[in-house]
Amino acid sequence: LRNRLFKITKGGKMKKIAVVILALAAVGCSSKPEISDLQPSLVEGWNDCPYVKPVNFKKLNGVDNNNVYVMKISYELEFQVNMEGNVQGFSRQKVCTQVLEDLLIARKIPLLAIKKGYLVPIEGDFDMVKSEKGWIPK
């Protein structure tokens, strides 16, 4: 058996297969959450707000606190409309109006200055817990 394994390995095929298997195993068994574990929840959280779309997600840092992994992330809200002509409609959209107004006021960005494609940076910490199906927001 040892000679047979040596012959297979000698040709290089077994080494390539072993490397591929180890690489796939390492990807499938992430010990830390990644931005891809959180991104769907963030996108879903902004679904009720037709004015913006979250884009450009990045993991900035992370800290393992035993049962909870705190992940620091950044993303941007991309405005989907010119706000100049939509101010009245904006004030009637109660689902996301207050959050966006608070965000813009905090950053001293006038609502009327926002054009389609305008990006507002967001940073935050999110608690992640490991479940049977991988990492999920707490």
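Colleague: How many bridges join β2 to strand β3, and in which direction do the two strands run?
Modeller: This is a predicted model, and in it strand β3 covers residues 119–131. One facing pair in this part of the sheet is Glu-76, which stands opposite Pro-121 in β3. The strands β2 and β3 run antiparallel, and the number of bridges that join them is ten.

Colleague: How many bridges join β1 to β2, and which residue in the turn of their hairpin has a positive phi?
Modeller: The strands β1 and β2 also run antiparallel, and eleven bridges join them; within this pairing Lys-58 stands opposite Ser-74 in β2. Two residues lie between β1 and β2 in the hairpin. The turn residue with a positive phi, of about 60°, is Asn-66.

Colleague: Which element gives the largest share of the largest nonpolar core?
Modeller: This core has 25 residues, and those that touch the most other members are Val-52, Tyr-75, Leu-77, Phe-79 and Leu-100. Two or more residues come from each of α3, β1, β2, α5 (97–106) and β3. The largest share, six residues, comes from β2.

Colleague: Phe-57 and Tyr-75 form an aromatic pair; what is its class?
Modeller: A search of the whole structure finds two aromatic pairs, and in the one formed by Phe-57 and Tyr-75 the centres are 5.5 Å apart, with 20° between the planes. Planes under 30 degrees apart count as stacked, so the angle decides the class. The pair of Phe-57 and Tyr-75 is accordingly described as stacked.

Colleague: How many residues apart are Phe-57 and Tyr-75?
Modeller: Phe-57 belongs to strand β1 (residues 52–65) and Tyr-75 to strand β2, so that the pair links distant parts of the chain, its separation being 18 residues.

Colleague: Is Ser-41 buried, partly exposed or exposed, and how far from Ile-136 is its C-alpha?
Modeller: Ser-41 has its place in helix α3 (residues 35–45), and a relative accessible area of 35% makes this residue partly exposed. Although Ser-41 and Ile-136 are 95 residues apart in sequence, their C-alpha to C-alpha distance in space is 8.7 Å.

Notes: Residues are numbered from 1 along each chain as its sequence is written. This is a predicted model: local features need pLDDT of at least 70, side-chain atom pairs count only at pLDDT 80 or more; totals for chains, interfaces and linings use all residues. Side-chain values use heavy atoms; hydrogens and water are left out. Rings of Phe, Tyr and Trp (its six-membered ring) pair if their centres lie within 6.5 Å; planes under 30 degrees apart count as stacked, over 60 as edge-to-face and the rest as tilted. Helices (H or I, at least four residues) and strands (E, at least two) are DSSP runs, numbered from the N terminus. Buried means under 20% relative accessible area, exposed over 50%, partly exposed in between (1.4 Å probe, protein chains only). Two strands pair if DSSP finds at least two bridges between them. A nonpolar core is a set of buried Ala, Val, Leu, Ile, Met, Phe, Trp, Tyr and Cys residues joined through side-chain atoms within 4.5 Å.
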